Amino acid sequence: MKINVLRLDHRQKRDARITTHVCLTARAFGADGVILNGDEDTKLMENVRDVAKRWGGQFKVDYKKNYENLIDEWKNNGGEVVHLTMYGSQVHEVVGDIRKSPKDKLVVVGGSRVPTKVYKEADWNVSVTSQPHSEVSSLAVFLHMLFEGKELEKEFEGSKMKVIPTAEGKRVIINDSEEEKAE
């Protein structure tokens, strides 16, 4: 199953940092790509593509002006829509059913205001707590539960940089060579 994230209502001047974090979280936690909606922000998209190029993997970032057509196309092509919201079914109660379905998933995270159509069109409205918090944290928790923690061991092919986890200090392998930068 492929996982793409739809970030609704990106506002270039106000949301650049949070949308960048949505993209980086989606990539790090196993999604295949992000589709931005709202303001077209080519600089942000290029920055995320640059991260993917340096750190590896096949992560894609695209822009779609009309999210309604995207949701309809996604569903017409056999995919399912998961909308992350405070007002849905609790994630721990539905993630197993979502995981069992082999269909590609479009995970929708909101912006300033999520239109009613998204709630109605979603196959699942999923609550990651019933308290206000960030779409970044919702996405991370949802993907972590969906992949049952296996995303933490994911290898990103073609990386030019790789962090080697250590209890102390920093170890980074650069350009797939054994040249290490240690601090």
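## The second largest pocket

Eighteen residues, written here as 18, line the second largest pocket, and Leu84, Thr85, Met86, His133 and Glu135 lie nearest its centre. On a 1 Å grid over the protein atoms alone, a pocket is an open set of points with protein on both sides within 12 Å along at least five of seven lines, and lining residues have an atom within 4 Å of a point. The second largest pocket holds about 360 Å³ of space, a volume being the space filled by probe spheres set on the points, which are joined across faces, edges and corners.

At least two lining residues each come from strand S4 (80-85), strand S7 (124-127) and helix H6 (135-146). S4 gives the most, with 3 residues. Helices (H or I, at least four residues) and strands (E, at least two) are DSSP runs, numbered from the N terminus. By class, this lining divides into 9 nonpolar, 8 polar and 1 charged; Ala, Val, Leu, Ile, Met, Phe, Trp, Tyr, Cys and Pro count as nonpolar, Asp, Glu, Lys and Arg as charged, and the others, Gly among them, as polar.

## Basis of the model

This is a predicted model, in which local features need pLDDT of at least 70 and side-chain atom pairs count only at pLDDT 80 or more, while totals for chains, interfaces and linings use all residues. Residues are numbered from 1 along each chain as its sequence is written, and side-chain values use heavy atoms, with hydrogens and water left out.

## The largest pocket

The largest pocket contains about 420 Å³ of space. Its lining has 16 residues, and Lys154, Glu155, Phe156, Lys162 and Val163 are the closest to the centre.

Helix H1 (12-28) and strand S8 (161-163) each supply at least two residues of this lining, and S8 provides the largest share, 3 residues. The lining of the largest pocket comprises 8 nonpolar, 1 polar and 7 charged residues.

## The sheet

An open sheet is formed by 7 strands in the order S3-S2-S1-S6-S4-S7-S5, with parallel pairing. S3 and strand S5 (89-90) stand at the edges with a single partner strand each, so one side of each is left without a neighbour in the sheet. Two strands pair if DSSP finds at least two bridges between them.

Strand S1 (residues 3-10) runs parallel to S2 and is joined to S2 by 5 bridges. Leu6 stands opposite Ile35 in S2, and Arg7 has Leu36 in S2 as its bridge partner. Between S2 and S3, which also run parallel, there are 4 bridges; here Leu36 stands opposite Tyr63 in S3.

## Crossovers and burial

A right-handed β-α-β unit is made by S1, H1 and S2. From S2 the chain crosses through helix H2 (residues 42-55) to S3, and this β-α-β crossover is right-handed. Right-handed means that, with the strands pointing away from the viewer, the path from the first strand over the helix to the second runs clockwise.

Strand S2 (residues 33-38) is largely enclosed by the rest of the structure, because 5 of its 6 residues are buried. Buried means under 20% relative accessible area, exposed over 50%, and partly exposed in between (1.4 Å probe, protein chains only).

## Lys60

Lys60 belongs to strand S3 (residues 60-63) and counts as exposed because its relative accessibility is 52%. Leaving aside neighbours within four places in sequence, Lys60 is in contact (heavy atoms within 4.5 Å) with Asp32, Gly33 and Val34. Lys60 and Cys23 are 37 residues apart in sequence, and their C-alpha atoms are 9.5 Å apart in space.

Key:
On a 1 Å grid over the protein atoms alone, a cavity is a set of points where a 1.4 Å probe fits but cannot get out, and a pocket is an open set with protein on both sides within 12 Å along at least five of seven lines; lining residues have an atom within 4 Å of a point.
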